[in-house]
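Okay, everyone, thanks for coming. Let me put the structure up, and then I'll walk you through the part I've been looking at.

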Amino acid sequence: KVPRGTCTLPNGRRGHRVRVTTKVDKYGKETSWTVTERRSNAVKMKMGPVVEKHEQKSVEDCLPEGEYNLQFQDLDGICCRHGQGFFKLVVDGQELLGGGGF
């Protein structure tokens with residue numbers, strides 16, 4: 001049975017629908033993140049420092065099964081000194097990781 005929320009890759013195989021949602025603080029242009037494949041370190045998803053202050057942005061893609069790293073960068077974190085920022089990692093409709101302090 002294929003789990004709910006999955007997607008189809010360009011090669012026709014089933015993948016996993018991955019969505020990273022980020023709400024930035026007052027200094028949104030400091031915030032960026034990447035999702036990289038663990039073995040090859042190849043960037044599979046990213047969000048550059050282009051989000052305006054206190055805005056929210058989601059990036060979604062279909063990724064093959066595998067191991068990945070999610071890395072955030074921000075000069076002072078996204079919560080709570082300069083606003084109530086947060087991030088969420090959702091795979092196939094299920095939130096796997098989230099928070100604001102880092």
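So, F72: with a relative accessible area of 15%, this residue is under the 20% cut-off, and therefore counts as buried. Keep in mind that we're looking at a predicted model.

What does F72 pair with? One partner is F87, and that aromatic pair is tilted, 4.6 Å centre to centre with 40 degrees between the planes. F72 sits in strand β6 and F87 in strand β9, so their pairing ties together parts that are 15 residues apart in sequence. F87 is buried too, at a relative accessible area of 10%.

Searching the whole structure turns up two aromatic pairs. The other one is W33 with F72: their ring centres are 6.4 Å apart and the planes are at 45 degrees, so we call this pair tilted as well.

Now, the core. The largest nonpolar core has 15 residues, and W33 shows up again here: V18, V20, W33, V35 and M45 touch the most other members. Which elements give two or more residues to it? Those are β2, β3, β4, β5 and β9, and β9 gives the most, with three residues.

Last, a look at V18. Leaving out residues up to four places away in sequence, V18 touches M45, V59, E60, D61, L63, L89, V90 and V91.

That's my bit, thanks!

Notes
Residues are numbered from 1 along each chain as its sequence is written. This is a predicted model: local features need pLDDT of at least 70, side-chain atom pairs count only at pLDDT 80 or more; totals for chains, interfaces and linings use all residues. Side-chain values use heavy atoms; hydrogens and water are left out. A nonpolar core is a set of buried Ala, Val, Leu, Ile, Met, Phe, Trp, Tyr and Cys residues joined through side-chain atoms within 4.5 Å. Buried means under 20% relative accessible area, exposed over 50%, partly exposed in between (1.4 Å probe, protein chains only). Helices (H or I, at least four residues) and strands (E, at least two) are DSSP runs, numbered from the N terminus. Contact means heavy atoms within 4.5 Å. Rings of Phe, Tyr and Trp (its six-membered ring) pair if their centres lie within 6.5 Å; planes under 30 degrees apart count as stacked, over 60 as edge-to-face and the rest as tilted.
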